[in-house]
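Here's a quick briefing to read alongside the model. Have the sequence and the 3D view open as you go.

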Amino acid sequence: MAVPALQMSGISKSFNGIKVLQDVGFELLRGEVHALMGGNGAGKSTLMKILTGVYEMDAGQIRIDGNEVKIQTPADAEKHGISMIFQEFSLVPTLTVAQNIFLGREPKTKAGFIDDKQCTELTRRLLEDLEVDMKPSDLVADLGVGFWQMTEIAKALSKETKILIMDEPTSSLTKRESEILFSLIERLKSRGISIIYISHRMEEIYRVCDRITILGDGRHLVTDDTSRLDMDSVIGHIAGKNLDKFEWKERPVSGNGEAILQVSGLKTDNRLNGVTFELKQGEILGFAGLMGSGRTETLRALFGIDAWTDGEVRIHGKPVRMKSPKDAIRCGLALVPEDRREQGLVLEHEVKDNIMLPSISKIAGPLGFVNDRKGNRNSEEWVRKLSIKTDSIHKTTRLLSGGNQQKIVFAKWLANAPEIIMLDEPTIGIDIRAKTEIIDMIRDLATEGKSILVVSSELTELLAVCDRILVFHDGRVVNQYNRKDIQSEEELQHAIQYF
Amino acid sequence: MQSNTSEAKATVAWTRKFNWRQYIVYIAFIVVFAYFAITLNSDGFLTSNNIMNIVRQTAIISIMAVAMTFVISAAEIDLSVGSIAALASLTSALALEHGYGIMGAIVAGLGTGLAIGTVNGWLVTKVSIPSFLVTLGMMGIAKGFAMWITDTAPVPILNENFSYIFGSGDIGKIPVLLIWTLVIAVIGHVVLRKTTFGRRTLATGGNQNAARFSGVNVARTKLMVLAASGLIAGLAGMLYAGRMHSGRFTFGEGDELSVIAAVILGGTSLFGGVGTVVGTVIGSLMIGTINNGLIIMGLDVSQQMIIKGLIIILAVAFGRKAVNK
């Protein structure tokens, strides 16, 4: 049997005494596309960061083409022919494709100037080889997202890459762009390049991958040929080994069952394709679906961030239109956004300033003078109510932990007394204790009569809090379930994948 | 929670450092002032006459710097203030010359500033051109108009009341310019610290996205700070006109740089989100004090420029870490 292109064995890694990888093995053959799967916190990204030299492993061995290698820095990884294509692309939009591909290692003329001719020629050959329809002189900013990825791949190949890691490569691509990517993957395979393919989309994995490896809880669970591992057992492995388990408690619905928010046929240029649903007073409604299926985009549209091209929204039966977050706030909406550091908080400002920002006009007099004593009192109250751990309300927000920062985002909205609270990945990147607290908080809010929309990629979380779950696909709601009727996480995973 | 306590300790240490750095401009000002007071005592540095001189010389920069504090806090910039001042000095002088009286001159001067500032704001927010470019262009346009309307000729101001109110008068021993500076600074301080507009300006500069997601009308905030900066530059132009008894296209030349230096020296972050009007005024006074002291010391202009530049770079270098880390 041929020597594998990559062999990782006995890989272990801990952070602050917490084991994130334990004795994990992974093998990649030449010209193989190998899916790496597992839930959040399974250890996929840590394993890949070790392979690309971002982290150093505590124990274990990496062999490339049978020879043991040491990978301690990203430069080492590159030297051994390992490249990763990130979800967020690392291209400079104002440069051309050729300039991007050779950025930092441009071929030089004898006089020491950049050899543009050679740069263009090498790129042209590379693109021809990949059979992609781009010119070296194309400006990256003018190209579609799909071509950005092609450029990244071309860049990786120009560095003599033998092992290519793709992390959710299709999440930002359209169907057609995905097709182009899949055929490119076929060509790369035939050239002997090995690919590690990280994705949550089963359909794709069954289409392009030869083998599947599943990690769970930092351990290796299973590796087998795609043909011998059916979707049910894959889902079983992933769901069965989730790090965090939350109990679902049936909750008395506080409201009178009246629909507070009615959305029908909502469309935007940002993927929404006619979203229709109803949210009842006091209800927690979950949005499930793959990345790019329209969950987050629905929240953005309702909050007046993305413009609507069609559709109707009613609150308490009255038609409303949100053209800006300000309109949405006036309609009683609040949004805890996906990226709390970028969209939720002014990190350099005090805790109190962040908490008071949305409701600042409520504590201001007619001339716009802010009543600071009232503001401080309100902030103190919310810090206490949500048990936010901070020395003082005057502390710089950046210095708090992720969980406490997220609670501040909750506090700033609760201080504004919204009726409908929209949560986008409310527990992303925070520790398990804070997660539990936030999940309890969401339940309590609904019990107090708030109506809540939750988007989450962590199905355990959706199952723990929701009264009802909608499944999104391709910019529409394709299915809905009462929580009572869902027996297990596997069932929900099926609903998302088996569309 | 071992990590919590160590984090808390680090925070305490950090806070102590932060405060020290945040107040660097006050410390620097006291040091500079004390140094001149001791070494130049016999040369009359400390006389009330000289102190009032410093105030007069810095007043117009201080006033424009107060408005610039808002612009920079919102993470924008306004390079056109000097040219706006020049044009406003001429429009108000022309209004007087044509017999529209003091009210006419005020409308002309402030109107010029407000109009140009609003156009700046409109181009930045509605046409999405970076403020650096918009105001760089506007700097040339306003200056060009200032040269054109009188064919570069100065316009004398004979109205003594106008001159008295706008810059050349003294109430007892107190220059009217000092009163203008105080009034603008107090208004600026209160608006930045105590009103919703001030908080929204800081939030916009601190994180535009988060501000938008919190319901702040980011575009309107930016438009308003740029319009206000133009308006105040118009006032500055009238003060030049009143002080010099004329309108001239050369007034305010290079002021934009002194104004920005005063703001940054005062502790306002060039990246937005952190701003202080009091710091700005102290920053402006410090530049003025250095100027004044170096002149009394008998240094020639070239030496003054070098020393002034070095002090500005040093002070900002010390203060900068407070904002960045």
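Chain A carries 65 positive and 73 negative side chains, with the centres of the two sets 4 Å apart. Lys and Arg count as positive, Asp and Glu as negative, while His and the chain ends are left out; each charge is placed at NZ of Lys, CZ of Arg, CG of Asp or CD of Glu. Bear in mind that this is a predicted model, where local features need pLDDT of at least 70, side-chain atom pairs count only at pLDDT 80 or more, and totals for chains, interfaces and linings use all residues. Residues are numbered from 1 along each chain as written, chains are lettered from A and ligands numbered from 1 in the order written, and side-chain values use heavy atoms, without hydrogens or water.

**Chain A overall**
- Chain A holds 17 helices and 20 strands (DSSP runs numbered from the N terminus: H or I of at least four residues for helices, E of at least two for strands).
- Its C-alpha trace spans about 70 × 55 × 45 Å along the principal axes.
- Some 54% of the 499 residues of chain A count as buried (under 20% relative accessible area, with exposed over 50% and partly exposed in between; 1.4 Å probe, protein chains only).
- Of the contacts in chain A between residues at least 6 apart in sequence, 68% link residues at least 24 apart (a contact means heavy atoms within 4.5 Å).

**Helix 9 of chain A**
- Helix 9 (residues 295-302) is largely enclosed by the rest of the structure, because 7 of its 8 residues are buried.
- Among those buried residues are A:Arg295, A:Glu297 and A:Leu299.
- After helix 9 comes A:Gly304, with a positive phi near 80°.

**B:Ser229**
- You'll find B:Ser229 in helix 11 (residues 218-244) of chain B, and it counts as buried at 1% relative accessibility.
- Its side chain makes a polar contact of 2.8 Å with that of B:Asp78 (a pair of N or O atoms within 3.5 Å; within protein, one must be able to donate a hydrogen and the other to accept it, and residues adjacent in sequence count only if both atoms are side-chain atoms).
- Leaving aside residues up to four places away in sequence, B:Ser229 touches B:Ala67, B:Val71, B:Asp78 and B:Val81.

**B:Pro154**
- B:Pro154 sits in the loop between helix 6 (131-149) and strand 1 (155-156) of chain B, partly exposed at 41% relative accessibility.
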